[in-house]
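Good morning, and thank you for making time for this presentation.

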Amino acid sequence: MKVLFVASEVAPYSKTGGLGDIAAALPAALAARGHQVQVVTPRYGSISTASLGPLQTPLTLQFPFGSVIARFRNLQLAEGLQLSFVEEETYFGSRPGLYGHGDDARRFGFFAMAALSQARFTGFDPDVVHLNDWQPGLAALAMRTSFESRARCITTIHNIAFQGNFPSSVVPELGVPWAVFNPQGSEFHGHFSFLKTALVYSHALTTVSPNYALEIQTREGGSGLDGLLRHRRSDLTGILNGIDDQEWDPNRDPHLPAPYSRDDISGKEHCTRALLEEFGLDPGPRGPVFGSVGRMSDQKGVELWQQVVQQQLARGGYAVVLGSGEKALQDQWLELAGRFPGRLGVKIGFDEGVAHRVEAGSDFFVMPSKFEPCGLNQMYSLRYGTVPIVRAVGGLKDTVVDLAEPEATGIVFKAYSARALAEACDRAWALWIDAPRLFAVRRRGMAQDFSWNHSAAQYEAVYAAPKKV
Ligand code: ADP
């Protein structure tokens with residue numbers, strides 16, 4: 001199949017979260033399975049043009065707000081896999097960050113149309129146009145109106161909390177027909193919604209775990225789009241994200257001070273010692289190390305962990321924290337680190353190497369998320385023999401099996417409360433002192449297969465299904 005894959009971030013060029021990882025890995029897995037995949041993404045100012053190909057023939061796109069010239073730079077990443085960067089200085093090249101600019105509707109409306117136009121211009125006639133999250137959502141509508149296409153349009157929801165809702169003034173600006181600006185179409189409570197547009201006008205929808213596919217159909221989990229998703233439930237499939245098992249392999253990870261594997265896990269202790277040193281923690285008698293990595297946002301349950309971590313430190317545990325995000329949460333971590341010197345290490349920032357070392361050096365990995373579409377870190381943890389402590393939500397529930405089960409790989413708790421997390425930590429301590437059991441749980445986690453090949457086969461099935469709407 002020929003797949004046009006449109007995503008507003010692609011690792012390692014741009015990434016604010018899981019989307020960037022997936023937009024790199026899934027197209028690669030599809031290409032390896034024999035498909036022709038063209039990935040289109042913006043060239044943000046932070047991406048150097050040095051290693052990208054030369055500028056291709058420019059295309060002029062007409063919008064009611066004016067014409068915009070799109071240029072492209074292509075990179076052939078592998079057989080059947082081309083990455084194409086959309087170049088536009090005003091909208092992308094000269095801007096700091098990826099999102100959050102006042103004219104995001106124009107920026108990403110342009111991006112969506114540029115992706116479709118380039119494919120047409122270069123004669124890449126896709127069987128499937130695969131859109132990701134709200135940013136390219138306008139393409140789903142365009143394919144049914146101004147930009148008629150034979151392709152099947154698929155939208156993947158990576159996080160339903162991000163919807164791209166804009167004032168109705170963007171409707172005429174983007175050339176969207178007023179006829180679709182109603183609750184059955186693109187309107188969401190008086191706003192023009194990029195995500196809703198994608199969900200209404202795509203032929204099929206996917207999201208990133210089976211459990212999240214159910215949750216987003218509920219009032220609590222649907223962020224206002226649950227009614228629409230219930231209506232489209234027969235077109236909605238939950239497909240678990242894979243992980244890049246080349247990059248995340250403790251036996252071949254260049255970021256680690258010592259390799260280890262399921263057959264010989266001894267190097268992990270070395271990684272732990274080095275991690276404690278890297279975070280400036282006491283080398284003394286070894287208590288369990290609780291790690292966490294991720295965006296510091298309400299979604300991730302950071303506040304719960306900040307409450308519960310103090311007991312774990314007081315009873316002889318360690319905690320290492322890597323992340324960035326909301327200032328209040330960052331400040332609270334720094335304040336706590338000041339109160340627990342030698343026991344709690346905090347790094348504010350985004351650092352791949354440190355993330356790998358936290359995964360390897362921790363004994364337990366804490367993810368008390370309020371909601372979690374799929375989550376990648378718990379899968380990295382399993383692979384690294386680090387026992388995940390997760391809330392039973394979204395993809396966390398699909399990927400971690402609780403200690404109470406015979407096939408246990410981690411610790412799962414239900415309620416979103418400090419008490420439930422504290423109880424989960426008590427169970428972690430009980431496991432910690434039961435060395436043979438801890439060893440067995442670790443080894444079982446390390447044997448899990450979260451490779452992309454399996455997920456890619458499920459995407460293929462969605463791509464190949466006949467068009468219904
Ligand atoms: P989300 O997409 O909601 O942020 P995921 O767990 O799906 O959460 O993916 C987050 C990805 O970003 C993972 O690969 C994680 O390791 C990485 N990541 C998040 N914060 C940081 C950080 N501060 N430094 C390095 N990597 C990070």
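Let me begin with a definition: a residue counts as buried when its relative accessible area is under 20%, as exposed when that area is over 50%, and as partly exposed in between. Please also keep in mind that what you see is a predicted model.

With that definition in hand, consider Asp-363. Is Asp-363 buried or exposed? Its relative accessible area is 2%, so Asp-363 is buried. You will find Asp-363 in the loop that runs between helix H12, residues 352-361, and strand E16, residues 364-367.

Which side chains does Asp-363 contact there? One is that of Arg-286, which is joined to the side chain of Asp-363 by a polar contact of 2.8 Å. Another is the side chain of Arg-442, with which the side chain of Asp-363 makes a polar contact, also given as 2.8 Å.

I turn now to the salt bridges. How many salt bridges does the structure hold? The count is 28.

Let us take Arg-106 and Glu-173, whose side chains form a salt bridge with an N to O distance of 3.0 Å. Arg-106 belongs to helix H3, residues 104-121, and Glu-173 to helix H5, residues 170-174, so this pair ties together parts that lie 67 residues apart in sequence. Arg-106 has a relative accessible area of 26% and is therefore partly exposed. Glu-173, at 25% relative accessibility, is partly exposed as well.

Next, please look at Arg-339 and Glu-335. These two form a salt bridge in which the closest N and O atoms are 3.4 Å apart. Both residues sit in helix H11, residues 327-339, and because they are four residues apart, about one helical turn separates them. Arg-339 is partly exposed, at a relative accessible area of 46%, and Glu-335 is partly exposed at 38%.

A further salt bridge joins Glu-407 to Arg-444, with 4.0 Å between the closest N and O atoms. Where do the two partners lie? Glu-407 is in the loop between helix H14 (394-399) and strand E18 (411-413), while Arg-444 is in helix H16 (residues 435-446), so the pair ties together parts that are 37 residues apart in sequence. Glu-407 is exposed, its relative accessible area being 51%, whereas Arg-444 is partly exposed at 24%.

May I now direct your attention to the ligand.

Several side chains come within polar-contact range of oxygen atoms of the ligand. For Arg-295, the distance from a side-chain N or O atom to a ligand oxygen is 2.7 Å. For Lys-300, the corresponding distance is 2.8 Å. A polar side-chain atom of Asp-21 lies 3.0 Å from a ligand oxygen. On its own, the ligand has 560 Å² of accessible area, and the protein covers 93% of it.

The peptide bond between Ala-11 and Pro-12 is cis, with omega at about 0°; Pro-12 is located in the loop between strand E1 (2-6) and H1.

Asp-133 is not a glycine, yet it has a positive phi of about 60°. Asp-133 is placed in the loop between strand E6 (128-132) and helix H4 (138-142), and it is buried at 7% relative accessible area. Ser-223, likewise not a glycine, has a positive phi of about 45°. Ser-223 occupies the loop between helix H7 (210-215) and helix H8 (226-231), and is partly exposed at 35%.

Thank you for your attention.

Technical notes. Residues numbered from 1 in each chain as written. Predicted model: local features only at pLDDT ≥ 70, side-chain atom pairs only at ≥ 80, totals over all residues. Heavy atoms only, no water. Helix = DSSP H or I, 4+ residues; strand = E, 2+ residues; numbered from the N terminus. Buried < 20%, exposed > 50% of the residue type's maximum accessible area, 1.4 Å probe, protein only. Polar contact = N/O pair within 3.5 Å; in protein donor to acceptor, adjacent residues only side chain to side chain. Areas by Shrake-Rupley, 256 points an atom, 1.4 Å probe, with all protein chains shown as cover.
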